[in-house]
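Subject: Structure handover

Hello,

Here is the structure I promised to pass on. Please open it alongside this note, which walks through what turned up.

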Amino acid sequence: MKKNALLSPFNWFYGAITNTRRALYQKGILESLDLEIKTISVGNITAGGTGKTPLVAYIAKILIEKGEKVCILTRGYGRDNPRVRVLVSDGEKILADVKDSGDEPFEVANNLIGKAVIIADARRSEAAQWAREKFGVTVFILDDGFQHLQVKRDLDFVLLDATNPFGNGNLLPSGILREPLESLKRADTVIITRANLVEDDSEIKEKVLQINPNCKIFVSKNQFGRLINLKEFLSPMPAAPTVNIKNLKSLAFCGLGNPDSFFVQLRRENFNLAYSRTFPDHHIYRQNEIQKLERDAIRKRADILLTTAKDAVKLTHLKFNLPCFVIENGLTFDDESAFIDLITNP
């Protein structure tokens, strides 16, 4: 018997729970709280990475440039104590380490040092009220907020990874869908991410519009940003690499929801990739794993290691004998002016 067939009863059970919960909010039996200021949700309908973290940072930077006091509300997946509220950044400096905040909130905080308030708290409505009173916040960004129905939002962005937008079409656990596809009816805007890693995104657009004909659709592409030595990664003023990294043979590794997107983009941008290694999403690295990576690199005659910013925040306390470089990820839009207008207009 196939694995999917064995898991299908659990699909039904998972779907029944999500459908019932959604219906309770739609009928007003469960109430969504209005945070009373502009609230933007960035989320997805699939498990695994769709590029939310770069988009959250991108939106925050645009709003900050417009004079807004931005607060990012996040659950902080993978942190040591998910039951406590952690002020990751007060808008001036980082106040928590990666274990207390979680890797993605810490990555965003490092990207937005001195610019945004960032709070890790599963009770995001309570964290929002506290942030408004303490910091005078004018805009909230809900990280991974599409399923967080307890909070009303003014804009609901749903990200679809162009390389794997719907998986096999099944709900968890036999598929990657966190909600049925019909949930896209709730989305104001769908953003197709990593479009530069596929040949054609027209079928994805058609599928979205079949479900939600009034949905706005934007297309974004991955864009590598800073390339920096791990030793200097968390420095406020990191130095630029002094060698042409692309020409050096490299071993790339990461622990992402969609690790293949990182490796594919490295190859498309002509990095000399000798070997790649994946770890589970949100992986906490140990010293013996770094030693194993370096042995693999030597065996493959690689000169350097390459990884992502999300991984790098969990590596700075470990010892490396080979140079390790960090690539920060960004994104560009097919119609950037229209997207900026969408998020900045009242």
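Contact here means heavy atoms within 4.5 Å. Please keep in mind that the model is predicted.

Which residues does Ile 204 contact, leaving aside neighbours within four places in sequence? They are Leu 160, Ala 162, Pro 165, Phe 166 and Ile 192. Take Ile 192 from that list: 12 residues separate Ile 192 from Ile 204 in sequence, and their C-alpha atoms lie 8.1 Å apart. Is Ile 204 buried or exposed? The cut-off for buried is under 20% relative accessible area. Ile 204 has 7% relative accessibility, so it counts as buried.

Now the chain as a whole. It has 346 residues, and 52% of them count as buried. Its accessible surface is about 16,600 Å². Carbon and sulfur atoms hold 49% of that surface. Consider next the contacts between residues at least 6 apart in sequence: 76% of these join residues at least 24 apart. As for secondary structure, there are 10 helices and 12 strands.

S8 (residues 216–229) and S12 (residues 324–333) pair in the antiparallel sense, over eight bridges. Asn 222 stands opposite Leu 331 in S12.

Last, a helix pair. Helix H2 covers residues 52–65, and helix H4 covers residues 103–111. Their axes come within 10 Å and cross at roughly 35 degrees. The crossing of H2 past H4 is right-handed. Which residues meet there? H2 brings Thr 53, Ala 57 and Lys 61. H4 brings Glu 104, Glu 107, Val 108 and Asn 111. By class, the residues of this contact are two nonpolar, two polar and three charged.

Best wishes

Methods. Residues are numbered from 1 along each chain as its sequence is written. This is a predicted model: local features need pLDDT of at least 70, side-chain atom pairs count only at pLDDT 80 or more; totals for chains, interfaces and linings use all residues. Side-chain values use heavy atoms; hydrogens and water are left out. Axes are lines fitted to C-alpha atoms, for helices over the stretch in contact, and angles run from 0 to 180 degrees between N-to-C directions. Helices (H or I, at least four residues) and strands (E, at least two) are DSSP runs, numbered from the N terminus. A crossing is left-handed if the near helix is turned anticlockwise from the far one by less than a right angle, and right-handed if clockwise. Ala, Val, Leu, Ile, Met, Phe, Trp, Tyr, Cys and Pro count as nonpolar, Asp, Glu, Lys and Arg as charged, and the others, Gly among them, as polar. Buried means under 20% relative accessible area, exposed over 50%, partly exposed in between (1.4 Å probe, protein chains only). Accessible areas come from the Shrake-Rupley method with a 1.4 Å probe; for residues, only the protein chains shown count as cover. Two strands pair if DSSP finds at least two bridges between them.
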